[in-house]
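Work through the exercises below with the sequence and the model open. Try each task before reading its solution.

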Number of protein chains: 4
Amino acid sequence: MSASRFSPEVEAAIREVRAEVARLHAELVRYGLVVWTGGNVSGRVPGADLFVIKPSGVSYDEITPENLVLCELDGTVVPGTPGSERNPSSDTAAHAYVYRHMPEVGGVVHTHSSYAVAWAARGEEIPCVITGMADEFGGPVPVGPFAIIGDDSIGRGIVETLRGHRSRAVLMQNHGPFTIGVTAKDAVKAAVLLEDVARSVHLAREAGPLIPIPQDDIDRLYARYQNVYGQAEDDRR
Amino acid sequence: MSASRFSPEVEAAIREVRAEVARLHAELVRYGLVVWTGGNVSGRVPGADLFVIKPSGVSYDEITPENLVLCELDGTVVPGTPGSERNPSSDTAAHAYVYRHMPEVGGVVHTHSSYAVAWAARGEEIPCVITGMADEFGGPVPVGPFAIIGDDSIGRGIVETLRGHRSRAVLMQNHGPFTIGVTAKDAVKAAVLLEDVARSVHLAREAGPLIPIPQDDIDRLYARYQNVYGQAEDDRR
Amino acid sequence: MSASRFSPEVEAAIREVRAEVARLHAELVRYGLVVWTGGNVSGRVPGADLFVIKPSGVSYDEITPENLVLCELDGTVVPGTPGSERNPSSDTAAHAYVYRHMPEVGGVVHTHSSYAVAWAARGEEIPCVITGMADEFGGPVPVGPFAIIGDDSIGRGIVETLRGHRSRAVLMQNHGPFTIGVTAKDAVKAAVLLEDVARSVHLAREAGPLIPIPQDDIDRLYARYQNVYGQAEDDRR
Amino acid sequence: MSASRFSPEVEAAIREVRAEVARLHAELVRYGLVVWTGGNVSGRVPGADLFVIKPSGVSYDEITPENLVLCELDGTVVPGTPGSERNPSSDTAAHAYVYRHMPEVGGVVHTHSSYAVAWAARGEEIPCVITGMADEFGGPVPVGPFAIIGDDSIGRGIVETLRGHRSRAVLMQNHGPFTIGVTAKDAVKAAVLLEDVARSVHLAREAGPLIPIPQDDIDRLYARYQNVYGQAEDDRR
């Protein structure tokens with residue numbers, strides 16, 4: 001067995017994040033947010049400048065903790081680690097950019113879930129007309145700029161849209177949703193709830209005018225949900 | 001083993017309601033009415049001023065009879081009982097209000113099912129244009145007032161809308177559906193059928209004008225269904 | 001063991017139809033055509049004036065060959081047979097009417113599948129704009145009259161609409177679809193394909209004008225499909 | 001055991017294609033692209049003028065490597081081989097035409113997936129407004145001519161539309177989608193992603209005007225995806 005380049009603590013943290021990120025990819029499938037190999041989850045390794053991400057073009061059935069790819073925060077693969085013989089997700093640069101510029105973020109998710117993509121293809125934010133949306137996103141879900149793969153422009157678009165924003169979800173124009181969270185699980189939760197509200201508000205508006213929620217009530221709902229929902233050790237922390 | 005504060009009969013009833021309410025949460029998942037930890041079922045304990053409800057922020061996979069929370073009818077958790085170390089659902093106050101003010105109600109369900117939420121976001125009742133809806137709801141499904149979490153206003157809105165109404169379902173404006181029943185299973189059935197009619201009528205109206213059902217026929221269908229459908233021991237009693 | 005009132009041949013046929021009709025109810029669930037206890041399949045017993053049908057208000061999980069109900073062609077339950085302690089489906093009179101008046105029919109299915117119900121709530125036939133619909137239904141799927149439960153009017157509406165018609169499916173106005181077939185399996189196939197075309201044509205028309213298929217081509221497709229599709233012993237015979 | 005008419009190498013290749021094509025039919029079911037027995041996958045046998053295709057009218061549950069039908073490139077069944085007692089898919093002539101005229105094609109898929117059929121029933125191409133669609137199809141998904149079964153007109157329509165086109169998918173007017181690929185798996189991937197974009201763009205356009213993607217960006221995305229996505233041995237080769 002070769003000597004690890006990481007401390008035992010960091011090795012343990014990597015193992016835990018690998019297991020969690022592998023498990024969370026199955027949630028994308030369960031909630032119908034992805035087809036074939038599209039979509040990806042990453043998780044930051046606590047206490048290290050590292051994150052774990054889906055390999056490119058690999059089917060969800062085949063994802064294991066060991067074939068996930070460990071990356072530095074500049075998006076380069078850590079050589080000699082499990083999964084390092086594979087290419088990381090083609091969205092790795094965007095995830096890396098978010099981790100570099102938003103230290104509070106512990107997880108990033110990208111999907112092509114249908115209703116969220118539909119709003120993104122029109123470049124239209126999702127208005128906040130459901131109390132559950134006020135709870136979770138604190139207002140409308142914003143649109144990010146049109147940006148194509150190849151440089152930092154997707155990552156920059158995500159960060160510029162979400163930094164200082166209540167929403168943990170952004171609809172990248174003509175592309176699809178990215179969500180962030182304090183953990184990878186929290187980012188997956190945001191992706192699941194985003195598609196849910198994208199669908200409900202789409203359906204609502206198809207059939208007639210929506211009733212807005214007064215801003216005061218949105219503010220109250222958001223404040224309450226951040227503080228009292230769930231158990232002491234709930235699924236965000 | 002510590003002495004129970006309840007009689008053996010009530011203890012047995014609590015055990016039965018815990019098992020049933022745990023099982024019924026799986027039906028919400030099976031019928032696609034909930035995502036993540038949203039939505040909740042509660043059941044009144046027959047012969048006692050108690051009800052059993054989902055803990056807050058707990059995933060459906062993890063629900064067991066033992067981690068459900070036992071509450072008094074004022075919504076406070078019964079200390080020292082299984083699950084009492086957890087917070088009950090954030091909708092507990094609304095469930096409790098219904099149990100206090102509608103003694104005939106044995107179960108309450110809340111979901112964010114997509115089509116029902118869509119009608120709720122427009123504050124629009126679902127017209128009764130399907131015979132199955134006349135059977136089950138006896139007419140249109142009504143809208144309840146806009147009310148936010150924090151006091152009794154959600155519970156009051158449910159009770160004021162459903163008391164004396166044929167419908168076992170209410171669409172709380174900008175929020176989503178609550179359903180009631182003589183048992184928890186009956187309330188879950190109402191939640192399942194509500195989403196079904198919310199979808200069918202949404203789809204129908206998208207494509208052109210609906211044909212109304214004459215009120216006399218609605219009345220006849222509703223009367224018949226309450227009396228003769230199902231087996232002697234059917235799934236409502 | 002009590003002596004059967006039927007010959008061994010008829011007893012064997014009853015057993016076979018019970019097994020097949022029980023199995024076919026699971027197909028309604030698999031294809032999402034029913035929720036809760038709604039919907040039902042029946043099958044005629046070859047060589048006897050009998051049919052087997054779902055009991056009323058029983059969940060799909062609990063259906064077994066033995067709790068299906070054996071009925072005479074006037075809809076009365078055959079006493080002393082397995083399942084005879086239960087009420088048959090509340091749609092039994094309609095099934096019975098079809099068996100009495102259409103001797104070529106070996107199976108009947110009723111569902112509340114969402115898209116088919118949507119066309120039924122508008123009382124609008126489904127136009128034949130897909131070649132697969134020409135294959136299977138030979139043209140548009142017709143609408144039957146508004147009729148409510150309680151006498152023969154539903155059965156009569158089905159028979160008057162489908163007798164001499166190519167379509168094995170009818171959309172009963174404000175109610176939902178009934179399908180018929182030479183066997184129960186064939187009727188279930190018609191119910192599955194009906195919902196499929198009801199959805200596809202609904203979606204197509206939402207987004208713009210449909211291209212009609214020339215009548216000659218519909219005729220040619222229908223004629224071919226009735227004769228050459230499938231294996232010698234295919235799933236219709 | 002009778003002597004095979006094929007070399008051991010070809011026999012081995014046939015076995016491999018049978019196993020793969022059987023497995024891939026389950027993907028059509030998993031992604032909801034087919035109901036009942038509709039839809040079919042075929043795969044070319046490398047190194048031989050042969051392909052393997054679904055038998056007609058056989059349910060997806062019953063498909064095994066051995067009951068798939070081995071055909072010559074003119075669509076005739078190879079006698080004396082496993083499955084040769086069955087009729088091949090009624091779409092066999094169309095698949096055969098594609099294999100004869102597009103030597104680069106290793107797999108063909110036909111489904112009646114709902115959203116793709118909806119575009120086909122209007123004879124309308126799917127505009128390229130999602131970056132994932134630019135990646136995969138390189139632009140809009142084109143419409144092929146109206147053609148009915150019975151001669152080479154479906155096959156000819158597919159080939160005339162897709163030859164020299166970036167798209168691996170064609171919407172045959174009033175019929176449904178056919179997709180091609182370098183392998184059967186690649187063609188199934190195209191069928192899955194086609195339905196995904198057909199749905200997303202349908203939903204997007206229902207709710208307002210779409211934002212087009214500049215042609216330059218479409219070109220860049222397509223070029224990149226063909227070259228760098230996935231692993232060295234990714235799922236297209």
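**Exercise 1. Find what follows helix 3 of chain D, then decide whether the helix is enclosed or open.**

Solution. 
- Step 1. G123(D) follows helix 3 of chain D, and its phi is positive, near 60°. Helices (H or I, at least four residues) and strands (E, at least two) are DSSP runs, numbered from the N terminus.
- Step 2. This is a predicted model: local features need pLDDT of at least 70, side-chain atom pairs count only at pLDDT 80 or more, and totals for chains, interfaces and linings use all residues. Residues are numbered from 1 along each chain as written, chains are lettered from A and ligands numbered from 1 in written order, and side-chain values use heavy atoms, without hydrogens and water.
- Step 3. Check burial: buried means under 20% relative accessible area, exposed over 50%, partly exposed in between (1.4 Å probe, protein chains only). Nine of the nine residues of helix 3 (residues 114-122) of chain D are buried, so the helix is largely enclosed by the rest of the structure. Among them are Y115(D), W119(D) and R122(D).
- Step 4. Find the packing partners. In chain D they are strand 6 (169-172), strand 7 (176-181) and helix 6 (184-206); helix 6 (184-206) of chain C also takes part.

**Exercise 2. Which strands form the edges of the seven-stranded sheet in chain B?**

Solution. 
- Step 1. Write down the order: the open sheet runs 3-2-1-4-7-6-5, with mixed pairing. Two strands pair if DSSP finds at least two bridges between them.
- Step 2. Read off the edges. Strand 3 (69-72) and strand 5 (143-144) of chain B each pair on one side only.
- Step 3. Four bridges join strand 2 (residues 50-53) of chain B to strand 3 of chain B, and the two run antiparallel. L50(B) stands opposite E72(B).

**Exercise 3. What rotation superposes chain A on chain B?**

Solution. 
- Step 1. Superpose by least squares on the C-alpha atoms of residues with pLDDT of at least 70 in both copies. The rotation is 90°, with 0.0 Å of shift along its axis and an RMSD of 0.0 Å.
- Step 2. Name the relation: it is that of a four-fold axis.
- Step 3. Locate the axis. In chain A, the C-alpha nearest the axis belongs to E206(A), 5.5 Å from it.

Terms used. Contact means heavy atoms within 4.5 Å.
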